[in-house]
Amino acid sequence: MGDSKGRKGEEKEAKEKKERRRERERVGGRERVGGRESWRECVLWVAYRVIGFALLIFVGGGGLVLKRMLGRGMVLGCSGASGSAGRALRWLGGRWGGAAGFRSGARSGAAVPEAASASEAGQEAVGAPPAPVKKGVQEFEVYRWNPESGGQPEMRRYEVDMDNCGPMMLDVLLKIKNEQDSTLTLRRSCREGICGSCAMNVNGTNALACLREVPAKGERTTVTPLPHMYVIKDLVVDMSNFYAQYKSIEPWLKMDEGGGKVEPYERAGQTMTVTENLQTIDERALLDGMYECILCACCSTSCPSYWWMGEKYLGPATLMQAYRWVADSRDKYTRERLQGLDDEMKLFRCHTIMNCAQTCPKGLNPAENIAKLKHSVNERFKASK
Ligand code: SF4
Ligand code: SF4
Ligand code: FES
């Protein structure tokens, strides 16, 4: 009886001890997590503070960075003045940058406090869309000659309000033609560097008028036809010799007799008599840098050899196209092509002066390909020389 009483007492004491230990652990646990009710609450507490801090940084310095990015149309490809989305984003950038109490410095790019006046910072008021840079009136001298009038060629001066004109030389010439002098004659078609018809000389360099930006204000801008070509009228030159030379190299795929042809067969309900001429990827890559030529003649008419011997020397544009067909793995007339070009005047008048590579508006390098063509001719026929 006494034993069982003692055992019960011990059990009760052990139970109480256990309870007290649990209570201690519970309280201790709370203290370890900074007084929060649970780990979950603790994590939320930390997250709120991190987000709050990040927002502070974003609204402050981030607004300025965003203003600059959007101001330059860097986001979503909104470049230049085009596109209402670009303008809206730039305006938004200005708003955010302004709301943060900062704006970009006039030239140094440093952030200046809101307190400084707009005129001190040398730029537009905070929040307003950037004021367009006034270009004002610019002068252009354009070559004019009308064979029917019987007069001498002259350089005629025009003034164009650049604030109401596109940024390219072709825009200027068309504005002159539409608004000041409808007799001005020039060739153009695509206005995006594809057709090659608007080639002319701007400030001494051959260029496509649609790809050449109007020179900076203050520079005297002269526009003349492609040099050393017969002029038909104003900026239009006679391209007959250039095209005849191009035709002389037979710029098309030449196969063996019956090459590519097969016995007629049916495909998709049609009778086929030819088959594809396949190339490997490497063979196709040999044509890169040549097939892109648009035959604008900027290179040929910048070549001194072509100036002096344009009737006999084929010139860089035609020679590069000649090599384009020599390099084509599908063409079966390489030997004949090289034989036709093995000529002192047609090919070897190129003296690697490189004007052609410098002037090409498509960034091609005719001089390099002419060098390869000379090498192919020499390799093929050196045994017989
Ligand atoms: S590298 Fe040859 S083709 Fe080119 S400009 Fe000079 S001479 Fe003419
Ligand atoms: S190589 Fe260049 S400059 Fe010469 S015709 Fe072709 S695109 Fe024009
Ligand atoms: S208009 Fe076509 S290349 Fe200039």
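Thr352 is placed in the loop between α10 (334-341) and α11. The helices named in this report (H or I, at least four residues) and the strands (E, at least two) are DSSP runs, numbered from the N terminus. This is a predicted model, in which local features need pLDDT of at least 70, side-chain atom pairs count only at pLDDT 80 or more, and totals for chains, interfaces and linings use all residues. Residues are numbered from 1 along each chain as its sequence is written, and chains are lettered from A and ligands numbered from 1 in the order in which they are written.

**The loop between α10 and α11**

Most residues other than glycine have a negative phi. Thr352, however, has a positive phi near 55°. The loop between α10 and α11 also holds Met354, and the phi of Met354 is likewise positive, near 75°. Exposure is judged by counting other C-beta atoms, placed from the backbone, within 10 Å of a residue's own: 20 or more make it buried, 12 or fewer exposed, and a count in between partly exposed. Thr352 counts as exposed because it has 11 C-beta neighbours inside 10 Å. Met354, with 16 other C-beta atoms within 10 Å, is partly exposed.

**The two ligand shells**

A residue is taken as near a molecule if its C-beta atom, placed from the backbone, lies within 6 Å of it. For the classes, Ala, Val, Leu, Ile, Met, Phe, Trp, Tyr, Cys and Pro count as nonpolar, Asp, Glu, Lys and Arg as charged, and the others, Gly among them, as polar.

Around ligand 1 there are 13 residues, of which Cys303, Cys350, Ile353, Cys356 and Ala367 come nearest. Two elements, α11 (355-359) and α12 (366-381), each give two or more residues to this shell. Helix α12 supplies the largest share, 3 residues. By class, the shell of ligand 1 holds 9 nonpolar and 4 polar residues, and no charged ones.

Ligand 2 has 14 residues around it, with Cys293, Cys296, Cys299, Ala317 and Cys360 coming nearest. Its shell receives the most from helix α9 (residues 315-326), which gives 3 residues. The division here is 13 nonpolar, no polar and 1 charged.

Leu286 and Arg324 are 38 residues apart in sequence, and their C-alpha atoms lie 8.4 Å apart in space. Leu286 is placed in the loop between α7 (281-285) and α8. With 17 other C-beta atoms within 10 Å, Leu286 is partly exposed.

Two strands pair if DSSP finds at least two bridges between them. An open sheet of 5 strands runs in the order β4-β3-β7-β5-β6, with mixed pairing. Because β4 (154-161) and β6 stand at the edges with a single partner strand each, one side of each is left without a neighbour in the sheet. The twist averages 35° from one strand to the next. Two of the pairings are set out below.

| Strands | Sense | Bridges |
|---|---|---|
| β5 (residues 199-202) and β6 (residues 205-208) | antiparallel | 4 bridges |
| β3 (residues 137-144) and β7 (residues 221-224) | parallel | 3 bridges |

Phe140 stands opposite Thr221 in β7, and Val202 stands opposite Thr205 in β6. The hairpin of β5 and β6 has 2 residues between the strands, and in it Asn203 takes a positive phi near 50°.

Helix α5 (residues 169-179) packs on the sheet and touches β3, β4, β5 and β7, its direction making about 100° with that of β4. Contact requires C-beta atoms, placed from the backbone, within 7 Å. Axes are lines fitted to C-alpha atoms, for helices over the stretch in contact, and angles run from 0 to 180 degrees between N-to-C directions.

**The chain as a whole**

The protein chain contains 12 helices and 11 strands. Of its 385 residues, 25% count as buried. Among contacts with a separation of 6 or more, 59% join residues 24 or more positions apart.

Methods:
Contact = placed C-beta atoms within 7 Å.
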